[in-house]
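The sequence and structure are shown first.

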Amino acid sequence: MEGKIKLRKSADISLQKQCFQAVRTHFTALGIEAVLDLPAPLLKDLLPHLTACQLDEVQPALNKRGLSTYSGWVEILRDLIGLSRALDFRTEAEAKHEVMLRLFTSVFYGLSSNYVLKNSTDLKSNSFLSSAAKSIHHFILIPSMHQALQALTTNQQPLLVLLEKHIRSIHVSHLLLTVRKTQAVLYVLHRLLDHGITTNLVVGIDSALDLAWLLHGRGSQYVDMELKKLFSFPHVLQTSPASSSLDVESTASGKSDDVIPCKRVKLSSESVEKEEDPCGVPNFTLDPQVLCHTFSPCDGRSAGACTFGQITHLEIRTCGPDSLKVLGFSLPTFFCLQSLSLHSKSIFRELDVLEFAGALQQLSDSGCSSLVHLSIGLLPHVGLMKTLLNARPRLTSLCVEFQTAIWGPQFNLDHAGTAEPDTSELPLEKLTMKIIQLQTDLHFLTSVLRRSPHLSSLHIAGMRLPTGCSQSQLLNTLSEFNHSLKALTFEDIKLCDCLPDILKLLRGCMLEELSFNDCRLLEMCINPEKSLVELVAALKMPSLHSLSLAQNRLANNVCVLAELFSGQSQSSLKQLDIRSNFIQPADLLEFAKRLMIHPPPHRLTLDLRKNPGDRDPETWNSALKRLQPSSFLLVEGWKSTDTMVDHISNM
């Protein structure tokens, strides 16, 4: 009998799936109203079977009914990037934007993927591009794909107008000035930056020349003449001294891809249609009005409306020494810049960072600076953090990443070890420190924390202390000086001997988000279960809504976490991350049983990824079934071969 019931259920599921596939295939013929008339439970089951175009069409009506299309977008992301990465997008808006951005980029530039090929009928149409353009706020500019960008200046101008209205961030992913037929590329860039709402620029290349062209006159109060000196630096341009000395006001006659930019002659529409480039590459001082006249008029606007757009957020993902030097030229007058993020694949040289700090100091001294967020890495030592804070003391957000060069001289942890300590108050609200080095100066960090009474978010990763030292001093400093903390993340930090200090900190603050990731919380506990019970009791604060205990080897102690929702003082948690804790199916089942007795007051987003569920699939699935009424589960397939790797990584 039981076997017949299982077969019947399997047949019902198979029939339902066939019906959903039929709806997907004949969606247009059925009509959106017929689909929306389905009962809510059926609609929810249908969503993962719909295409991106269909989801976009039904979403407004479903949202009005209180239904989310999240499951549909995640299913597409699962096809595009895999389930584990797809689940990192936790909201409907995030998942939809990621889907639309990936599909728009693929379709617009003619890039193929399995999903695009399977859904080519729906995707390869102007209607999809127009629909996606309304849903995305980030545009990836690929200069080498000049034919697609050229189309935006001719038959797809309405799409360009849509992008102007919605794109807030541009990512320049490849070299701009060393490709031929680049006029259309620069025109699209100009339209989005100078006529649209774009104020965020992401530069994914290390090219001082391209960066100089992008920044020249854009964001500074006046055109910084110092940038023109770039053209006298042969090592920056990577050309011979003879070619680098060319007059930037002259026209180029060469056709080489790496020809020096020159003053562009005014281009005719005929030359654009033929994709001719009289200079080979664009001119450093190119006036946007020339770009406007080069192509068709910008929505009927006068040429006088073509002005340099301001950049308020700048991110350079591969920042070499020459790019840092170019940025230094512009920074002192970059008054509109609010956020600056610089990352280098190699460790910055100390001298380069000091020169950059000097430019930062000039910006601060001007009294006109808007810069409040700075992110920079990789720095060679923590002492440079003090230099940056002194250069720009009005930062409210600082993210720094340190890595000590193992081949270089070891840094004396505090350059100014004998100097009078600075006790002036800092306005820092958010601080992130990622440290890849053998030992860290804890005193230096605690001195910064003491000066930051307004700190609301702190993220520290990878901090190693000298042998015999404890993180207790750090935790006690937070308890005493940082009462405004709302978000606290410790990652890859040994906290197993700090339980009393952790409990003291938790009882004296009103955290909303807390993460102890790979902190070896129970490593040295004589009685791990008892220690976890104490921690859980302290975590029952009404303000806490997000908790991560990923990669802490909770294992069979996971059931203790169910006590978060028991007793008179219940937790208000909405998100619980217990990934990579070597939780066995039987232990998860016990956790689920206890959670059924004391369910959370809010539907809990429970992250169970990277736990060995395949050790006993039947028990694991039984546990998941018990958890589903109270939790939104983030799970993925798991292989036993990976389980041992995960276990070893937690040892």
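Which elements each supply at least two residues of the lining of the second largest pocket? They are β8 (430-436), β9 (457-461), β10 (487-491), β11 (513-517), β12 (546-548), β13 (575-577) and β14 (604-607).

## Basis

This is a predicted model, in which local features need pLDDT of at least 70 and side-chain atom pairs count only at pLDDT 80 or more, while totals for chains, interfaces and linings use all residues. Residues are numbered from 1 along each chain as its sequence is written, and side-chain values use heavy atoms, without hydrogens and water.

## Second largest pocket

This pocket holds about 490 Å³ of space. Its lining has 26 residues, with Thr-489, Glu-513, Ser-515, Ser-546 and Ser-548 nearest the centre. By class, seven are nonpolar, 10 polar and nine charged.

A pocket is an open set of points on a 1 Å grid over the protein atoms alone, where a 1.4 Å probe fits, with protein on both sides within 12 Å along at least five of seven lines; lining residues have an atom within 4 Å of a point. A volume is the space filled by probe spheres set on the points, which are joined across faces, edges and corners. Strands are DSSP runs of E, at least two residues, and helices of H or I, at least four, numbered from the N terminus. Ala, Val, Leu, Ile, Met, Phe, Trp, Tyr, Cys and Pro count as nonpolar, Asp, Glu, Lys and Arg as charged, and the others, Gly among them, as polar.

## Largest pocket

The largest pocket has a volume of about 780 Å³. Tyr-70, Ser-71, Leu-87, Phe-632 and Leu-633 are the closest to its centre among 24 lining residues. Helix α6 gives the largest share of the lining, five residues.
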